[in-house]
Amino acid sequence: MLFADYLLLLFTTAPRRPKALFNVLRGKRTVSTLFAGLTTGTLAYLDSWHGVPLTTFEAATQQLQSAGWLEATQPGYLRVTAAGVTEQNRLRKGLYLPTAFEQFQQADVRQFTAISQLALQVVSEAVHQERRYYPLTTDQHIQWQVKNWFRQWQGPTLGQQIYDELTAFLQTLSDEAAAVFAQSLTGFGLPGLTDQQLATQLDRSPVTILVMRKDLSCHWIAWLKQQPTATPLSALLQPFLKANPVSSSAWQTFQDYLTGQSLTEIAQRRRLKLSTVREHLLETSILWPDFPAAQLLTPTRIAQLSTIFADNPVIETWQFKTVQAELPTMDFFWFRLYQIMRCHDAA
Amino acid sequence: MQREALYQLLKTKYGFDAFRPGQYEVITDLLAGQDVLAVLPTGTGKSLIYQLVGTVVPGLVVVVSPLISLMQDQVARLNYQGEKQVAALTSQLDFGAKQSVLNHLKTLKFLFVSPEMLKQPPVLTALKLVTLSLLVIDEAHCISTWGPDFRPDYLSLGALKQTLGNPRTLMLTATATPKVREDILAQLQVPMAKQVIYSVNRPNIYLAVEQVVTEADKRARLQQLVLTVQRPSIVYFSSKRQTDLIADWLRSTTKLRVAAYHAGLSAEDRFKIQQQFMAGELDVICATSAFGMGIDKADIRQVIHYHLPNNLADYVQEIGRAGRDGQPALAVMLYAPGDEQLVRNLNELTTASPMEIQADQQRFMRQQAPNTDLSQVLQYYWTHGYSVGQVTTQFEQRQRAKEIELSQLLAYIQTKKCRRAYLMTYFSEAAPTHTATCCQLAGERLPLESLGLMAGPTESKTAVTPWQQILAQLFLQNS
């Protein structure tokens, strides 16, 4: 299995912009990317392929086109062909499909993965009184965070605690998944297996192992969050949990809005451009379904916009120029906000 | 410092009873306040020199190093040896992480930094506020346009050293011809530096060259070598793709434990492969030249070059990773006619035509940021006031130098006489007398038996350990 296989599953028979999908996967949090994620139902994948190079992505879409599974409908758009649908069905049967990627919106999965790997190594070496070892990462920042955590929790029972916690977690997984998780760990006397080595052993592809391991990190985070009392590992996770999927700056703007301040007041007080304040609110409205969009829009604007698009139920095909033709003074912000609201309503 | 005290420190801190050749001499010279240019072969523990000096002299040791991967290996190695106050300043750090390192300089003992990073004003400002115990220029030959690994950014180091108040300086390299040595001292403005030079000769490494006719023959010969010669082995390639392909092929056609290692792997995978290799869990590593720089494994028995190295200096460095325990080891260069073209192609990548140079200078004049590898390199010259003509001449000289290096490498391959004698002459050293364990003369068989390098039985691949057992092994004390 290849990256292209996973990518194919993110396209549908309706044309989609690959560039927007790429931005969703690498976690670019602009309003247009987030909106594309909302309309294509791919927001759960936001940031799940952080760091994937554009060249890799483009090579994969090219490969899918050459195979006849994707076709270009107009410049910048791709859709799945009939043969592509058959291939998608085949892939869905055999491919490991992630089931917990929504955690990418609820925690900093990447950071937690990096920190937890080093933390487990440090505990393992300490359990065996080993002081001389090569740390998994030389990143000073990660080392400092692990050091602080370790100082707080070190003690004669830490090894046993970690053992119990990980055992309880791995028991919730399939044997294959538990094997991937455990064998990739690094610690005393065990360097851990690479994705390539795990792939050979399990007769999977390295990309599949990569997806499995990302998904396992997500499952682990979900499991840790459910633990009733603070444990060493849930404490390690704590700083990486997000209260909500919205960026902190946008969330602040939203809180200000909830206190009854006007958008202009918020912009002045926080020394932001009005357009930035509006972007913050759009971001919040996309990622936070309880956002009071109708209230912000006002009944008048809703009535105007719903009249304009009364004949077109396919929300993502709406064009701002249709609005401009009828209501030349209406700002793009109101159009997009209305569109987002209707997307949430439809879902 | 007294001799006894130094030996005491060596014993307590590193667990060694004796210094390796050159170490003691360089350390005492540095402690006496001398600048030192040390030419010590790979595997002589160059990092121990500045670690020990750093332990004795108060202040920060700044190590200028050319490669990010090398820096990370060095930081990991120092961590391993119990040095906790170590950091690397690289372009990979984000703004916050870089700031955090600069704010903590006073608490650090060792700082690794690239020459590009060192010349950034915030870095220099921060460094001027702390006491420097030692400035180390690692891979110092990169400063010489006559050397094979010339890096234009190294040219700034002389001036930067002045800016930092002329700290005591240690210049380290494994291979340097007299001309390169002269260049290092001139560029760093330390004509009075003490030179400590040890032979590049590694008598326990048997030198062999195997000429094959086709690529298929080469593969077959490679397979035969890794199966019949004592393990572990390193096989060097010049492309990532070939590294992966041949590693896969060896894995599927032999029972050997084989891994590929190159810059395309994630940091995590690179770490794991290095650790598996050190722990004796791998028989063969297929690698690009990035592998091994930070590796200190004493019992590597064979280094094979599947592709030609760039030049003889690189070759000596790379085979130097074999036999550090002093026991017999084997270096084999596999050569098929036309292989030199691959080296030429790689050299082409770093060249530039007068037109390209001219065009890039215009880019610089338009104040556009460099956007290719080439313009990154050229940027240095433009910011330092070089003319298009000067740069063109410089590039032409480099190309000619590379072509000469390649012909010297080919002469080593083709020679009918003692290969070691050829190598030693190349480094301006006296040639030792040829013996049966020295090198393979044209047409001779590999004397594996008399070298004691016949392979033992293949280790069977270990069965998969259940996850419960792995957790117990990792986290429970008596498992």
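This is a predicted model: local features need pLDDT of at least 70, side-chain atom pairs count only at pLDDT 80 or more; totals for chains, interfaces and linings use all residues.
1. Strand E5 (residues 132–137) of chain B is largely enclosed by the rest of the structure, because 5 of its 6 residues are buried.

2. The strands paired with E5(B) can be described in turn. Strand E2 (residues 60–64) of chain B is joined to E5(B) by 5 bridges, and the two run parallel; within this pairing, Val63(B) stands opposite Val136(B). Strand E6 (residues 169–173) of chain B also runs parallel to E5(B), with 3 bridges between them, and here Ile137(B) of E5(B) faces Met171(B) of E6(B).

3. Chain B also holds an open sheet of 6 strands in the order E8-E13-E12-E9-E11-E10, in which the pairing is parallel. Strand E8 (205–211) and strand E10 (258–261) of chain B stand at its edges, and each has a single partner strand, so one side of each is left without a neighbour in the sheet. On average, and with direction ignored, neighbouring strands of this sheet are turned by 15 degrees against each other.

4. Two further details belong to that sheet. E9(B) and strand E11 (residues 284–287) of chain B run parallel and are joined by 4 bridges, with Val235(B) standing opposite Cys286(B) in E11(B). Helix H10(B) lies across E8, E9, E11, strand E12 (302–305) and strand E13 (329–335) of chain B, and runs at about 170 degrees to E13(B).

5. The loop between helix H10 (215–228) and strand E9 (233–236) of chain B contains Pro232(B), and the peptide bond that joins Arg231(B) to Pro232(B) is cis, with omega at about 5 degrees. Most peptide bonds are trans, which is the reason for listing this one separately.

6. In the domain assignment, chain B is divided into domain 1 (3–197), domain 2 (205–341 + 415–451) and domain 3 (350–405). The centres of domain 1 and domain 3 of chain B, taken over C-alpha atoms, are separated by 29 Å.

7. Lys128(B) lies in helix H7 (residues 121–128) of chain B, and it counts as exposed because it has 11 C-beta neighbours inside 10 Å, where the cut-off for exposed is 12 or fewer. Its C-alpha atom is separated by 15 Å from that of Met117(B), which is 11 residues apart from Lys128(B) along the chain.

8. Of the 347 residues in chain A, 37% are buried. Where contacts join residues at least 6 apart in the sequence of chain A, 67% of them join residues at least 24 apart.

9. Asp203(A) has a positive phi, near 55 degrees, and is placed in the loop between helix H10 (195–202) and helix H11 (206–225) of chain A; with 7 C-beta neighbours inside 10 Å, Asp203(A) counts as exposed. Thr298(A), also not a glycine, has a positive phi of about 75 degrees, but its place is in helix H16 (residues 293–308) of chain A. Thr298(A) is exposed as well, because 11 other C-beta atoms lie within 10 Å.

Technical notes. Residues are numbered from 1 along each chain as its sequence is written. Chains are lettered from A and ligands numbered from 1 in the order in which they are written. A residue is buried if 20 or more other C-beta atoms lie within 10 Å of its own, exposed if 12 or fewer, and partly exposed in between; C-beta atoms are placed from the backbone. Two residues are in contact if their C-beta atoms, placed from the backbone, lie within 7 Å. Domain bounds come from an automatic or database domain assignment. Two strands pair if DSSP finds at least two bridges between them. Axes are lines fitted to C-alpha atoms, for helices over the stretch in contact, and angles run from 0 to 180 degrees between N-to-C directions.
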